[in-house]
Amino acid sequence: MSDIPTVTLPSGISVPALGLGTWQMGEDARKAGIEIESLKRGLDLGLTLIDTAEMYGEGGAEKITAEAIAGRRDEVFLVSKIYPWNASRKGVVDACERSLDRLKTDRLDLYLLHWRGEHPLTETVAGFEELRRAGKIGAWGVSNFDLDDMQELMEVPDGGMCAANQVLYNLSRRGIEYDLLPWCQERGIPVMAYSPIEQGRLARSGELIRIAKAYQATPAQVALAFLLERDGVIAIPKSANPDRVAENAEAVDLDLSEADWTALDAAFPPPSRKAPLEMI
């Protein structure tokens with residue numbers, strides 16, 4: 001398998017363009033062992049970016065992540081997210097401390113506002129910057145921010161320190177290509193693509209199945225290859241199956257023909273006009 005391609009953050013740090021999601025992990029103690037094993041398998045394969053959140057399993061996914069990264073924290077680029085209702089200036093600091101405790105670490109590499117809520121962005125950013133100066137986080141960013149949200153953020157004191165925007169993006173959800181993705185690319189702000197295989201639904205696409213067969217690949221690998229082809233995009237598929245994690249990692253070796261890229265555009269047309277940002 002080839003090396004995992006990388007994306008460069010505004011700080012100059014390079015991170016894997018293919019990482020590991022943890023949504024719906026940590027919700028059932030009976031599945032903890034296989035979830036931990038899946039994350040460890042991903043780390044072994046170079047998928048060293050792990051994305052989690054205090055929302056996932058109400059902290060359960062962070063605890064699963066802690067077990068997976070035990071003894072190898074320095075290998076991992078660790079991302080977590082804060083509930084919007086915790087995102088006051090003091091609330092940001094307190095929520096981060098709770099996440100750090102669950103993750104059994106002294107720092108996050110990237111801390112994201114999960115979506116916009118009642119607290120002004122000025123407060124949230126001030127809290128993020130306090131954490132960054134204290135060394136509790138390496139960088140901060142946002143999630144589920146559309147273009148107008150990002151433009152507003154840039155007007156907030158220190159808003160330009162935003163290091164990433166995590167949004168729903170996959171072959172069947174291409175709306176951000178109209179304006180948000182180009183805007184982020186122009187400014188060097190990476191886009192993290194959650195649900196890159198549409199929670200498995202894209203794997204059942206007839207066109208993806210057809211293309212995958214021609215390359216002796218899986219439909220999921222084709223869906224991930226689509227995102228890996230995009231500049232500044234980080235895909236974070238979630239799987240609690242170690243073998244599936246290994247299959248996902250092999251997407252980096254898939255090199256589709258121009259004809260197949262054209263076929264994908266025909267089956268999943270890029271946007272021709274602005275649409276509201278989609279969320280799950």
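## Strand S9 and its partners

Three bridges join strand S9 to strand S10 (residues 233–235), and the two run parallel. Strands here are DSSP runs of E with at least two residues, helices are runs of H or I with at least four, and both are numbered from the N terminus. Two strands pair if DSSP finds at least two bridges between them. Valine 191 stands opposite valine 233 in S10.

S9 (residues 191–194) also pairs with strand S8 (residues 165–168), in the parallel sense, over four bridges. Leucine 168 has tyrosine 194 as its bridge partner in S9. From S8 the chain passes through helix H6 (residues 180–187) to S9, a right-handed β-α-β crossover. Right-handed means that, with the strands pointing away from the viewer, the path from the first strand over the helix to the second runs clockwise.

Which way do the side chains of S9 point? Val191 and Ala193 point one way, Met192 and Tyr194 the other. All are buried (under 20% relative accessible area; exposed is over 50%, partly exposed in between; 1.4 Å probe, protein chains only). In a regular strand the side chains alternate between the two faces of the sheet.

## How the model was read

This is a predicted model: local features need pLDDT of at least 70, side-chain atom pairs count only at pLDDT 80 or more, and totals for chains, interfaces and linings use all residues. Residues are numbered from 1 along each chain as its sequence is written, and side-chain values use heavy atoms, leaving out hydrogens and water.

## Aspartate 109

Aspartate 109 sits in the loop between helix H3 (89–103) and strand S6 (110–113). Its relative accessibility is 16%, so aspartate 109 counts as buried. Its side chain makes a polar contact of 3.1 Å with the side chain of arginine 73 (a pair of N or O atoms within 3.5 Å; within protein, one must be able to donate a hydrogen and the other to accept it, and residues adjacent in sequence count only if both atoms are side-chain atoms). A polar atom of the aspartate 109 side chain also lies 2.7 Å from the backbone nitrogen of leucine 78.

## An aromatic pair

The structure holds six aromatic pairs (ring centres of Phe, Tyr and Trp, its six-membered ring, within 6.5 Å; planes under 30 degrees apart are stacked, over 60 edge-to-face, the rest tilted). The rings of tyrosine 83 and tryptophan 115 are edge-to-face because their planes stand at 90°, with centres 6.4 Å apart. Tyrosine 83 is buried at 8% relative accessibility. Tryptophan 115, at 24%, is partly exposed. Ring pairs link Tyr83, Trp85 and Trp115 into a cluster.
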